[in-house]
Amino acid sequence: TETGPIWPINGRITTKFGVPHRPYQNTHTGLDISDGKRSGVTPIKPFRSGKVIETIKSRRGYGNHIIIDHGNCVTSVYAHLASITAKVGQEVTIYDSIGTEGTTGMSTGAPLHFEIRVNGKAANPFKFLDGQP
């Protein structure tokens, strides 16, 4: 049985939610979390069980990223990934690795950009998770 929600990666928050984040975004829509390791090393896990609805490979914006639907109008985004191992349509749990932390897209260092959306609108991840990553 699943417990959760969990932090998708352990590390320190390098950019908080809701702060000015120019030139990337007017306001930061998620949390950037870094464990200090080089790109491609650290596995990323879903914060909660769900179904992978998009996997995007890109050199711009969010870079390589995954979107997971958790039901009840909640989705999560995992961006700047070095690699993507999850497939569209796959059911994932907090025990699954969906990809690895990276530097793709408009990233500073090698953080995970972790975003939770409710009805498509970015929400503070601390409303869903306790403690620190």
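**View 1. Contacts of Gly105 in the predicted model.** In this predicted model, Gly105 touches Ser58, Arg59, Arg60, Gly61, Tyr62, Gly63 and His80, when residues up to four places away in sequence are left out of the count. Contact here stands for heavy atoms within 4.5 Å, and Ser58, one of the residues that Gly105 touches, is 47 residues apart from Gly105 in sequence, although their C-alpha atoms are 6.7 Å apart in space.

**View 2. The loop that holds Gly105.** Gly105 is found in the loop that runs between strand β11, residues 99–100, and strand β12, residues 112–118. These two strands belong to a protein chain that has 13 strands and 0 helices, and the elements, read from the N terminus on, run β-β-β-β-β-β-β-β-β-β-β-β-β. The radius of gyration of the protein chain is 13 Å, close to the 14 Å that the globule rule gives for 133 residues, so the chain is as compact as a globular protein of that length.

**View 3. Extent and packing of the protein chain.** The C-alpha trace spans about 40 × 30 × 25 Å along its principal axes, and 43% of the 133 residues count as buried. Among contacts between residues at least 6 apart in sequence, 61% join residues that are at least 24 apart.

**View 4. Surface and charge of the protein chain.** The accessible surface comes to about 6900 Å², and carbon and sulfur atoms account for 50% of that area. The protein chain carries 15 positive and 10 negative side chains, and the centres of these two sets lie 7 Å apart.

Conventions
Residues are numbered from 1 along each chain as its sequence is written. This is a predicted model: local features need pLDDT of at least 70, side-chain atom pairs count only at pLDDT 80 or more; totals for chains, interfaces and linings use all residues. Side-chain values use heavy atoms; hydrogens and water are left out. Helices (H or I, at least four residues) and strands (E, at least two) are DSSP runs, numbered from the N terminus. The radius of gyration is taken over C-alpha atoms; the globule rule is 2.2 Å times the number of residues to the power 0.38. Buried means under 20% relative accessible area, exposed over 50%, partly exposed in between (1.4 Å probe, protein chains only). Accessible areas come from the Shrake-Rupley method with a 1.4 Å probe; for residues, only the protein chains shown count as cover. Lys and Arg count as positive and Asp and Glu as negative; His and the chain ends are not counted. The place of a charge is taken as NZ of Lys, CZ of Arg, CG of Asp or CD of Glu.
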